[in-house]
Protein chains: 2
Amino acid sequence: MKQLPEILKRTLVASSRFFNIEAVQLKFSNGEQREFERMQGYNQGAVLVVPFYDEHTLLLIREYGAGTHSYSLGFPKGLIDKGELPEIAANRELKEEVGFGAKRLQKLKTVTMAPSYFSSEMHLYMAFDLYPEQLEGDEPEPLEVIKWPISKIDELLAREDFQEARSIAALLLALKTLKQPV
Amino acid sequence: MKQLPEILKRTLVASSRFFNIEAVQLKFSNGEQREFERMQGYNQGAVLVVPFYDEHTLLLIREYGAGTHSYSLGFPKGLIDKGELPEIAANRELKEEVGFGAKRLQKLKTVTMAPSYFSSEMHLYMAFDLYPEQLEGDEPEPLEVIKWPISKIDELLAREDFQEARSIAALLLALKTLKQPV
């Protein structure tokens, strides 16, 4: 295993209600020094759930994203509350965003977003054996829930509004795990 | 298509050498108002390349990420320079980070990172017909380049240090496009 760079100094350089940015002075094992900026992570991490409505059908949500100022298709997701287990958070987000609970969750993988700048981790799950249960979320408007046939995955992947890397990774990992031909 | 929320106000709330964070006041079509924070994107976007060394072998790099303070495996990637075409940027990053140019690039998809907070887009490519050519990059240390057999993709996906969602999405999209059984 390669020797990690030494962190010589960390400085909080910008801060808002939601984000903290720090400058990190690093000394690499070859003696090279650099200053990078990175975002302090939300420590609890996040979850994303690929919900199987039945063996032929996935559930998607259409949600507004302020970052892109657009509506896009994706899977239910959200931040883990303090003290909450990831599986519990996954089921809670499912209930809040698509109106179903899951009797069975299967972990796919833990992923990061852009390791150069962010530490945030997201745990990806599949959800099976769904039953109707709606929890109140904090969404500004009700999310549109869409049933998508697994046979039309290529169409989904070709859509410009299905573009979040974490949703794409979760979808393809799920189909691979279930040995669907993808 | 759903009516986009109206942006009532945008305020720059925090700023560093690398990041600009703005607060956005939104009015949704149902009348609901919210303030979200988002990061102003790097307008040129970024590229990521899945390099095929031969039909059985991919090239990976092992790179330090300041965000996670760890070394991880992934594909060559980087920001597009001003005025640079994405394909040119892809080939440049390939030459800088793995020491090969590509005679043929094939676009996989354009992805986003987390549409709630970021606008940044990344264009994913496959690279074929490689030839040795090293360009000087801005890396603090030489990147380790690893030949990975496509037959051992499951092993790669199971590794904790292969965890970036955009690399996973690109890999699985590439294999799907090439109709490898994944």
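In this predicted model, the contact draws on 67 residues of chain A and 67 residues of chain B. Together the two chains bury about 6,400 Å², and 64% of that area lies on carbon and sulfur atoms. Under the rule for polar contacts, 32 residue pairs across the interface of chain A and chain B qualify, with both residues at pLDDT 80 or more.

Several elements of chain A each supply at least two residues of the side that touches chain B. They are strands S1 (6-15), S2 (20-27), S3 (33-39), S5 (57-65), S6 (70-74) and S8 (100-112), together with helices H2 (153-158) and H3 (165-177) of chain A. Of these, H3(A) gives the most, with seven residues. Sorted by class, the side of chain A that touches chain B has 34 nonpolar, 16 polar and 17 charged residues.

How are the two copies related to each other? Chain A can be laid on chain B by a turn of 180 degrees and a shift of 0.0 Å along the axis, with an RMSD of 0.0 Å. The two copies are thus related as by a two-fold rotation axis. Within chain A, the C-alpha nearest the axis belongs to Ala169(A), at 2.2 Å from it. Because 100% of the interface residues of chain A are also interface residues in chain B, the copies meet through the same surface.

**Salt bridges**

Over all chains, the structure holds 32 salt bridges. The count between chain A and chain B is six. Two salt bridges with one partner in each chain are listed below.

| Residue in chain A | Residue in chain B | N to O distance |
|---|---|---|
| Asp154(A) | Lys176(B) | 2.4 Å |
| Arg17(A) | Glu35(B) | 3.6 Å |

In the salt bridge of Arg17(A) and Glu35(B), the closest N and O atoms are 3.6 Å apart. Arg17(A) lies in the loop between S1 and S2 of chain A and Glu35(B) in strand S3 (residues 33-39) of chain B, so the pair joins two chains.

**Aromatic pairs**

A pair of aromatic rings is described by the distance of the centres and the angle of the planes. The count comes to 23 aromatic pairs over all chains. One of them is formed by Tyr53(A) and Phe100(A): this pair is edge-to-face, at 5.9 Å centre to centre and with 75 degrees between the planes. Since Tyr53(A) lies in strand S4 (residues 46-54) and Phe100(A) in strand S8 of chain A, the pair ties together parts that are 47 residues apart in sequence.

**The fold of chain A**

The secondary structure of chain A consists of three helices and ten strands. Along the sequence, these elements of chain A follow the pattern β-β-β-β-β-β-β-α-β-β-β-α-α. Taken along the principal axes, the C-alpha atoms of chain A fill a box of roughly 55 × 35 × 30 Å.

Methods: Residues are numbered from 1 along each chain as its sequence is written. Chains are lettered from A and ligands numbered from 1 in the order in which they are written. This is a predicted model: local features need pLDDT of at least 70, side-chain atom pairs count only at pLDDT 80 or more; totals for chains, interfaces and linings use all residues. Side-chain values use heavy atoms; hydrogens and water are left out. Contact means heavy atoms within 4.5 Å. Buried area is the accessible area (1.4 Å probe) that two parts lose on being put together, summed over both. A salt bridge is a side-chain nitrogen of Lys or Arg within 4 Å of a carboxyl oxygen of Asp or Glu. A polar contact is a pair of N or O atoms within 3.5 Å; within protein, one must be able to donate a hydrogen and the other to accept it, and residues adjacent in sequence count only if both atoms are side-chain atoms. Helices (H or I, at least four residues) and strands (E, at least two) are DSSP runs, numbered from the N terminus. Ala, Val, Leu, Ile, Met, Phe, Trp, Tyr, Cys and Pro count as nonpolar, Asp, Glu, Lys and Arg as charged, and the others, Gly among them, as polar. Copies are superposed by least squares on the C-alpha atoms of residues with pLDDT of at least 70 in both. Rings of Phe, Tyr and Trp (its six-membered ring) pair if their centres lie within 6.5 Å; planes under 30 degrees apart count as stacked, over 60 as edge-to-face and the rest as tilted.
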